[in-house]
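This briefing concerns selected side-chain and helix-packing features of one model. Please look at the sequence and structure below before reading on.

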Amino acid sequence: MYQDVILDHYKHPHGRGLRDGQAEVHHVNPTCGDEITLRVRMDGTVIGDVSYKSQGCSISQASASVLNDLLVGKDVGEAQKIQETFLELMQSKGQIEPDDAMEEVLEDAVAFAGVSKYPARVKCALLSWMAWKDATAQALSGAAGK
Amino acid sequence: MTSASTGLVLPGLLDTETIRKDFPVLDRLVHDDRKLVYLDNAATSQKPRQVLDAVNAYYERHNANVHRGVHVLAEEATALYEGARDKVAAFINAPSRDEVIFTKNASESLNLVANMLGWADEPYRVDRDTEIVITEMEHHSNIVPWQLLSQRTGAKLKWFGLTDDGRLDLSDIEQVITEKTKIVSFVLVSNILGTVNPVEAIVRRAQDVGALVLIDASQAAPHMVLDVQALGADFVAFTGHKMLGPTGIGVLWGRQELLEDLPPFLGGGEMIETVSMHSSTYAPAPHKFEAGTPPIAQAVGLGAAVDYLTAIGMENIAAHEHAITEYAVRRLLEVPTLQIVGPATGEDRGAAISFTLGDIHPHDVGQVLDEQGIAVRVGHHCARPVCLRYGIPATTRASFYLYSTPAEVDALVEGLEQVRNFFG
């Protein structure tokens, strides 16, 4: 479960800290108390920045770092596909063995495949991704309203 | 008594080699080849063969509904169920067997009292002019029912805070428990801190102002002599599954005159005397508080658990756990960066020890321990206000019981070293 990739991201998180954004959300995992405050900045249809402040276990921390790596700079449509693919992998209960196509989409995030075997930890891995989805939807609806 | 693998001699230890033979699950291997080290006893205990056999025998030979039929099985089932009540009454030194109410768990027992007091007539009634007192170290099951009662009645909810070393701060006891206090409800042994609370001081103050006292003994009944008369409380709640019994069975003990005066909680079969379409009269306690078909097999299992504990002796179990706890506290404090949350001594503390390990999140601690076959609990242990009080998101908790050994303490300490190497 604790792949080196996960431990690396945990010890040296990417993109950590809160910076400017159009939307901010705060998500918690009530079963373990993990928390994240996450902001999304959209540059047109491109994810300009995902910044975050979080507290929690290695899985939730590493997952937020991987998310930042993967999604920043991507067009929102592509980012949503990556998010959906990650969600599918995490909900697979260990049944999906990531193939080359999935690895191409998820890059470092395939390291979380092992986490999907542990129901108690899936929520840890998904915390930042659900927060990102929520914040992005808010940022987009805010932009549409202007 | 020596521990096989360490050769360690601790005074007061039980013959765990013999005891462990009664618990089939303790032989289990996990993660292919790891020997199970079960240190999550504050969450639930394992069950001895004697309890499993009693439950099985009940279903295989005696199963029927209780207090109803006139046939052989119904009479046997009733005798077994009521026999379990006798055993529990003796176990807690209740003055009368009719003071022992079977519930489904301690939470239901605590909710039962909270609801009775909301519906009661004077002098017991909790209303907007009165106060409820709890403590900051309660399990959520002894917080939320009182918050609900407070919201419904307008009564003020007050609580005792905690000292830095994990004890109740009773310095302001006369301001907290006042003439307005109707009920003081507190935990005898904390499930997260392990603290054993000073019952006498609290009961004395409550009695001075005429308040009722409810004691949550969920973490006490499995581990020490529980004498409801010596405690001096009005109600005592605990659960069966933490004391070798099945899940689905809890106990509320209450003083007889209170049980007579207070209104019922749940309505239904079994709790009535006569019913018409306009009104009903109620059976005497304990049946007044046991609506519907009760957890019969579970009560029988709890009776067998009480027999098992009594045969070993609660004083002996307490001495064993004290020895294990002192050893565990000493060994854990040797682990660099480890901090005990709660009393860092074996005095006036139970066998549940919570701790933090540097900045390593308890979920990660628990997961890496699990990979080594060591089962602990991580999180806020349904006592989130305690985590808030000490400014921590969660803890790792190791909790011991009558079958725990010094070798298992050693396994935990070695496991924590591996956790530190892994995340260090």
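B:Phe265 counts as partly exposed, at 22% relative accessibility, where buried means under 20% relative accessible area, exposed over 50% and partly exposed in between (1.4 Å probe, protein chains only). This is a predicted model, in which local features need pLDDT of at least 70 and side-chain atom pairs count only at pLDDT 80 or more, while totals for chains, interfaces and linings use all residues. Residues are numbered from 1 along each chain as its sequence is written, chains are lettered from A and ligands numbered from 1 in the order in which they are written, and side-chain values use heavy atoms, with hydrogens and water left out.

**Aromatic pairs**

- Over all chains, a search of the whole structure finds 12 aromatic pairs, a pair being rings of Phe, Tyr and Trp (its six-membered ring) with centres within 6.5 Å, and planes under 30 degrees apart counting as stacked, over 60 as edge-to-face and the rest as tilted.
- One of them joins B:Trp119 and B:Phe265 in a tilted arrangement, with 6.3 Å centre to centre and 35° between the planes.
- This pair links distant parts of the chain, 146 residues apart, since B:Trp119 lies in helix H4 (residues 106-119) of chain B and B:Phe265 in the loop between helix H9 (256-261) and strand E11 (272-275) of chain B; helices (H or I, at least four residues) and strands (E, at least two) are DSSP runs, numbered from the N terminus.
- B:Trp119 is likewise partly exposed, with a relative accessible area of 46%.
- The ring centres of B:Tyr401 and B:Tyr403 are 5.7 Å apart with their planes at 70°, so this pair is edge-to-face; B:Tyr401 is buried at 0% relative accessibility, and B:Tyr403 is buried at 1%.
- A:Tyr2, A:Tyr10, B:Phe422 and B:Phe423 make up one aromatic cluster.

**Helix packing in chain B**

- Helix H3 (residues 72-91) of chain B packs against helix H10 (residues 296-312) of chain B at about 40°, with the axes 8 Å apart; axes are lines fitted to C-alpha atoms, for helices over the stretch in contact, and angles run from 0 to 180 degrees between N-to-C directions.
- The residues in contact (heavy atoms within 4.5 Å) include B:Leu80 and B:Tyr81 of H3(B) and B:Val300 and B:Gly303 of H10(B).

**Surroundings of B:His380**

- B:His380, in the loop between strand E16 (377-379) and helix H13 (384-389) of chain B, is buried, with a relative accessible area of 15%.
- Leaving aside neighbours within four places in sequence, B:His380 is in contact with A:Pro30, B:His140, B:Ile192, B:Cys387 and B:Ala394.
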